[in-house]
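Hello,

Here is the structure I promised to hand over. Please open it first, then read my notes below.

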Amino acid sequence: MTMRRRLPAQFAMYAVLVLLAAMWLYPIGVAIYKSVSVGGWHNYAVVLHHPTFSYWNAVGNSFLMAGLTAVVIMIISSLGGYAFSTMEFRGKNVIYNALLACLAVPIAALITPLFFSINSIGLRDTYLGVIIPLIAFNVLMMLMMMRNHFDSLPRELIEAATLDGCGTFRIYRQVLMPLSGSALATVGVLSFVYSWNEYLLPNLLLKTPDKFPVTVAISLLQFDRMSQEQISQLYAGLVLMTIPSVLVYLFSQRYLRAGVAAGAVKS
Amino acid sequence: MAGARRRLTPYLYVLPIVAISGVLIYLSIGFTAWASLTDWNGLRRMDFVGLQNYATLLADRTFWIALRNNLLFLVVTVSVQAALGLLVAVITNERLRGSNVFKAIFFLPIAMAPAIIATVFKYMFEANYGSLNETLRALKIIGPHQAVEWLGSDLGVWSIIAINIFQWMGFSMMVYYSGLMAIPEELYEAAMIDGAGWWRRLTGITIPSLRGTTNVLVVLGIVGSLKTFDIVWLTTGGGPGVSTHFLSTFLYQARSNREAGYASTIGMVILLIAFVLSMLQIKLANRQK
């Protein structure tokens, strides 16, 4: 929609953008300003050497759970998407639609049975106990994206490989995977970010503070009656805990945006 | 033998997803349906009580407050996010200098954890020493000793709505932005020749062409509204009293109070609403085509 623009129109557009940007930057500015307003930069040192809260531990836990979830989701969503896209089998559409119907199911609606089943198989307060439901709820959208991706690849590739005598797994690994780099990266990045941001599941299933990911570990910096100094330290902690997300965002912007667009356009 | 193996192969590929996701979710739904008919306390005792929980729920004041809050949240967030997202997408699509910086600013909150954003806003909204009131006092918008209760029973839901818009407007923007790319340039050129102005092109071409995109955002908004938990639980916790409860926090509260049967009933109602609204939206979208 490029067209000749009059100067007032351009000015009005900038005015809207600047006004909105100011509103969006305000909370971020508040967090950074408040983190040094009482106690100065020393707050960051205090948070990093806190007696009851370990920053590196929390970040490590988040990385471990989000990373493992993302890897498993990349594997099983590409395997499933491959079958749903290229193979014919009985009940295919029923299974696919039954899975996608769960996209609308909120985790919050099922916390009671989730807690009960994770607890009864002895996985309460373990990383695995959080990772399993994380995979279960996040994999469905990724399955849809992988299937759409495989649908977009030319059928002739598979037909030619089959004539050459390749089995289904060899086609998956040697023909299709090399063409799926960016789709897989998108699935991996989205799964990682969604799992990193999850609060409800780890809060429900973990009880040892040493195992808390960042989202739950925030509570370790909050107390009943907080002094101004403690609030500043909390803000310092929040800023520190946002840094990994911002880094992930900077390094994977392309895939994150692609994923947002793909997930929304096709769902 | 080889034929049977070939016929079974596809199932091996879908097995991991079905085993982890399908089984866990559908078993949980079945379990919830059963538990919603009992007086289970989450541990042992589990007696069948029929539809008693459902009757209790319909008479529960908190349920109606939560339902109202969910609906208000849904309507306001979906429309404001769509309107602002479209506006920003259209403006940045004009290829103004620096528009990529603006896009990055609006998109950034999507990568940030709602739990962290919620905590930042919670202290920012605090009435006495919170930054928002301090800023408003400094700008003389409110009196020097005035303390607006952003998380009180009147404004609480609106503040939660604001947090959601902060986090998700960039999402609508990106989705609209990719939708804009798909509109053929010729449509605009033809309209220009006919002398259509900016506003006529927006309402005559852009918005109708993006109808599919808008539908998607509405569906995602419905689902997102029912999934909203962190930004409520970590700011107001449903309070003061029960004024800012959402269905999800109401359920969480019931579960914490050892009313697992009742919590399951709330869960069933959430699932039912999700199902009905999604169906309705799909119906409407199909009719428009």
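Chain B has a mean pLDDT of 89, and 98% of its residues reach 70 or more. Here pLDDT is the predictor's confidence in each residue, from 0 to 100. This is a predicted model: local features need pLDDT of at least 70, side-chain atom pairs count only at pLDDT 80 or more, and totals for chains, interfaces and linings use all residues. Residues are numbered from 1 along each chain as its sequence is written, while chains are lettered from A and ligands numbered from 1 in the order in which they are written. The model scores ipTM 0.90 and pTM 0.91.

Now the contact between the chains. Chain B brings 67 residues and chain A brings 69 residues. Two residues are in contact if their C-beta atoms, placed from the backbone, lie within 7 Å. On the chain B side, helix 1 (residues 2-35) of chain B gives the most, with 18 residues. Helices are DSSP runs of H or I, at least four residues, numbered from the N terminus.

B:Arg5 lies in that helix 1 of chain B.

Last, a helix pair. Helix 8 (residues 185-193) of chain B packs against helix 9 (residues 198-209) of chain B at an angle of about 145°, with axes 11 Å apart. Axes are lines fitted to C-alpha atoms over the stretch in contact, and angles run from 0 to 180 degrees between N-to-C directions. B:Leu187, B:Tyr188 and B:Ala191 of helix 8 of chain B meet B:Arg201, B:Gly204 and B:Ile205 of helix 9 of chain B.

Best wishes

Terms used:
Helices (H or I, at least four residues) and strands (E, at least two) are DSSP runs, numbered from the N terminus.
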